[in-house]
Amino acid sequence: LNNPAGTAASAAAAAGVPAASSSRPRATSDYGSIRASALHQARLRIESDVDCVSYAPDVTVEGTERQRLVDNSGEWYFESQHAVSGEELLSAKFESLDYDTCENSLWAAEDQSRTVWDLRRIELCRWLVHLLIGVVTGAIAFFIDVCIEQLAKVKYRYMKSMLDRCIFHDCLIYALLLWIAFNFIFVLIASCLTVFGEPVAAGSGIPQIKCFLNGIQVPRVVRLRTLVCKVLGVLFSVVGGLAVGKEGPMIHSGSVVGAGLSQGRAASFKFDLGIFEYFRTDAEKRDFVSGGAAAGVAAAFGAPVGGVLFALEEGASFWNQGLTWRIFFSSMTSSFTLAFLLGFYRGIPNDLSNPGLISFGKFDKLDYDLLHLAIFACMGVVGGLSGALFNTLNEHLTKFRHRYVTSKLGQLTEAVLVASITAVTSFVLIYTVRSCQPLGSDQMEYPVQMYCPDGKFSSMAALLFQTPEAAVRSLLHDPVGTYSVTGLIAFCLPYLLIATWTYGVMVPSGLFIPSLLIGAAWGRGVGIGLNLLFPTHFTDPGKFALIGAAAQLGGIVRMTISLSVILIEATGNVLFGLPIMVVLMVAKWVGDYFGTGIYDMHIELASVPLLPWEPPSRSAAVSAQAVMSSPVTCLYRQERVSRIVEILRAEPHNGFPVVSGDLGPGTFGTFEGLVTRNQLICLLDMRLFDDGDPNFHLANPVSLSDFRRVYPRFPSVRQLQLSEADLMKSVDLGRYMNPAPYMVLHTCSLARIFRLFRGLGLRHLVVIDHRNQVVGLVTRKDLARFRATHTGDLKELQFTG
Ligand code: ATP
């Protein structure tokens with residue numbers, strides 16, 4: 001079967017069987033795989049359960065079991081398929097967000113009725129919300145920081161006194177048990193909050209926010225409950241001694257704050273302030289989420305510009321100048337709030353020099369020459385390689401987890417196991433690596449003497465017996481001679497393995513700090529080596545620790561613009577910007593050769609239909625016909641209530657073109673507009689059944705506010721209570737549909753359709769022919785299937801249910 005048009009309908013027609021009925025629900029995956037086979041010119045065998053069997057020539061479809069058409073009450077449809085391999089699949093369960101404005105008559109009426117004062121008030125509210133986002137995000141960062149500081153104090157004070165005592169009384173095993181107990185309890189709390197409280201709060205949250213900004217509805221990702229679990233969870237996982245940081249989760253927390261504050265209500269608690277009602281749309285919410293993400297970065301790293309660039313890099317497709325300004329405002333406010341509160345807390349209220357949760361401290365001298373730059377570039381290569389290794393190991397672990405660690409008990413067990421093993425490894429390292437440094441050379445609050453002579457303390461403890469942020473600072477600033485190369489290697493390897501295992505465990509966790517710590521350790525090792533070889537030229541190993549940290553982080557996350565600026569701002573030295581940029585670029589290029597960055601990798605493993613930045617290569621020759629779904633379920637302008645209900649029950653789709661004229665073989669109806677599922681449900685819920693009466697709307701005025709009231713939790717069609725009499729009535733969809741949605745001709749290329757979707761944040765794109773008849777419909781999932789292979793060819797992924 002060679003199916004150039006590539007539609008399921010034509011595949012079926014070519015096989016000599018009737019096409020799927022438009023009113024019958026069809027599994028997304030079936031559709032996609034038939035087209036995949038067509039695109040690959042694969043060979044497909046279609047067989048039937050019933051007598052009138054019609055075989056097409058033999059075909060097997062890559063990655064799926066065979067396709068089958070079965071007869072069901074006289075109609076044909078494709079039965080569900082099973083994926084043979086668990087890889088390279090996209091999940092059909094993710095819904096899209098709608099970032100396009102529905103310019104219907106209600107929208108036009110609202111727009112017309114607004115005075116200049118209304119417009120100013122809305123703009124003022126936007127700024128006010130961005131201000132609040134900054135303040136609340138900064139306050140959350142302060143809360144996390146102070147709680148971690150206090151809890152860490154308790155933990156390390158007890159631990160230190162126990163260790164000091166046990167060295168003399170030969171009871172180190174009890175010190176180890178105490179360490180395990182501390183880690184176990186704190187991590188158990190963090191994991192319970194995640195497993196039983198809100199599973200979506202696990203991890204850093206950056207992949208989820210990236211998806212949200214890309215236009216994908218990740219369930220429960222911006223809910224208040226998620227925020228609570230994330231904030232409490234992260235402070236327990238950091239104090240629990242895991243190889244995690246609190247910075248990544250700040251980005252997620254800021255985004256939830258943005259999504260929540262802008263709506264003026266907490267839907268989970270049925271609490272509505274009745275304000276900011278105008279912002280209750282996907283497009284407005286997305287802007288506030290971008291502001292929240294930027295505020296989170298600003299609070300985490302003290303990097304307001306980095307925050308803006310992070311939101312730009314991750315949500316780049318939908319951007320405007322006004323939004324840039326407001327996001328910058330949120331970032332600055334958040335950074336300022338944190339600095340202000342920390343100043344108060346530390347008893348120096350006028351000191352605003354604590355702008356972020358992590359600070360790399362003050363570098364006296366960060367000079368470099370061409371030779372330095374060349375060495376830094378080589379370190380970028382090492383960062384790219386070790387980042388790729390980290391990601392590959394983590395990918396295998398994540399797949400293992402998806403398969404075997406699925407029960408709640410399993411997830412809790414894994415979390416506490418990692419916590420215990422981290423404690424044991426740290427203890428063994430401090431016990432075995434006997435490198436000592438003089439007291440006072442490090443700002444460490446609880447120096448551990450272990451087997452060091454009086455006046456000295458274990459330098460391994462400086463890395464493991466404090467929070468990872470403090471350890472990074474130690475590596476950047478401790479004087480020459482503090483650490484030995486063997487000690488750093490002994491630290492680096494196990495820590496890398498533990499950090500790889502930890503990212504993905506069911507606790508809120510950030511990846512920035514462990515990556516920086518690993519990189520700073522091997523970077524400092526490079527610096528020490530160079531210092532031994534050329535003592536006059538390479539005097540400061542801290543500089544190399546900083547470059548190693550940047551290289552490792554860049555090799556893992558592969559962010560370039562925003563990460564450069566974040567690190568420059570955290571370092572507080574613009575002159576060192578060039579080396580940081582060079583290193584991040586090199587690390588990204590090298591890492592990209594082996595695979596994607598960790599966030600993209602996790603998005604792929606979750607089978608999220610994310611649209612990449614650019615259309616896949618060789619997509620210009622593929623036309624809309626090969627991409628679209630056809631036939632399309634359409635509605636008439638004046639539509640019967642019973643048919644709308646029937647379609648909403650039978651079809652899972654969220655968008656329906658509105659047409660006029662006859663529908664029949666070869667006739668698809670003239671395109672009039674597009675109506676969404678949520679709009680239809682609201683119409684039915686409000687019983688706006690006009691039965692063709694032109695005066696109905698005067699007697700029953702309705703506005704956009706009535707639709708926003710139920711946003712975003714629209715009732716399902718099953719919750720509607722309609723009487724038999726209601727079902728006999730009809731609705732004028734013309735008033736509510738979008739009369740001018742984006743549409744393309746059937747000859748349009750995949751590349752252009754892709755750019756339209758990515759650039760405008762579309763959810764549905766109607767495909768028409770030269771007679772303005774609806775011949776197909778394209779959604780995000782139709783596009784996300786297309787990917788470029790390593791050789792630059794176009795491939796199509798399959799969908800799972
Ligand atoms: P989303 O929830 O992502 O906004 P949706 O539910 O409307 O979108 P998808 O789940 O993306 O649609 O679509 C699944 C498949 O169904 C896609 O191949 C899409 O082209 C097709 N499809 C969507 N709407 C219709 C429709 N009205 N008629 C026929 N096919 C449709």
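Me: Where is the place of Asp454, between which strands?

Reply: Asp454 sits in the loop that lies between strand S8 (436–438) and strand S9 (456–458), where strands (E, at least two residues) and helices (H or I, at least four residues) are DSSP runs numbered from the N terminus. This is a predicted model, in which local features need pLDDT of at least 70 and side-chain atom pairs count only at pLDDT 80 or more, while totals for chains, interfaces and linings use all residues. Residues are numbered from 1 along each chain as its sequence is written.

Me: Why does Asp454 count as exposed?

Reply: A residue is exposed if 12 or fewer other C-beta atoms, placed from the backbone, lie within 10 Å of its own, buried if 20 or more do, and partly exposed in between. Asp454 has 7 C-beta neighbours inside 10 Å, and therefore counts as exposed.

Me: What percentage of the residues of the chain count as buried?

Reply: Of the 801 residues, 50% count as buried, in a chain that has 29 helices and 20 strands.

Me: Why is S12 described as largely enclosed by the rest of the structure?

Reply: Five of the six residues of S12 are buried, and so the strand is largely enclosed by the rest of the structure.

Me: What makes the pairing mixed in the sheet with the order S10-S12-S13?

Reply: Two strands pair if DSSP finds at least two bridges between them. S10 and S12 pair in the parallel sense over two bridges, whereas strand S12 (residues 655–660) and S13 pair in the antiparallel sense over six bridges; the pairing in this open sheet of three strands is mixed. Tyr636 has Val659 in S12 as its bridge partner, and in S13 Phe656 is partnered by Val675 and Pro657 by Leu674. Strand S10 (635–636) and strand S13 (670–676) are the edge strands, each pairing on one side only.

Me: Why is one side of S15 and of S17 left without a neighbour in the sheet?

Reply: The three strands form an open sheet in the order S15-S16-S17, with mixed pairing. Strand S15 (743–745) and strand S17 (774–779) stand at the edges and each has a single partner strand, so one side of each lacks a neighbour in the sheet. Strand S16 (residues 764–768) pairs with S17 in the antiparallel sense over five bridges, and Val767 stands opposite Gly776 in S17.

Me: Why is H23 called oblique to H24?

Reply: Helix H23 (residues 641–650) and helix H24 (residues 677–686) pack at an angle of about 135°, with their axes 11 Å apart; axes are lines fitted to C-alpha atoms, for helices over the stretch in contact, and angles run from 0 to 180 degrees between N-to-C directions. Angles under 35 degrees count as roughly parallel, over 145 as roughly antiparallel, 65 to 115 as roughly perpendicular and the rest as oblique. That angle makes H23 oblique to H24.

Me: Which residues make the contact of H23 with H24?

Reply: Val641, Ile644 and Leu648 of H23 and Arg677, Leu680 and Leu684 of H24 make the contact, contact being defined by C-beta atoms, placed from the backbone, that lie within 7 Å.

Definitions and conventions. Two residues are in contact if their C-beta atoms, placed from the backbone, lie within 7 Å.
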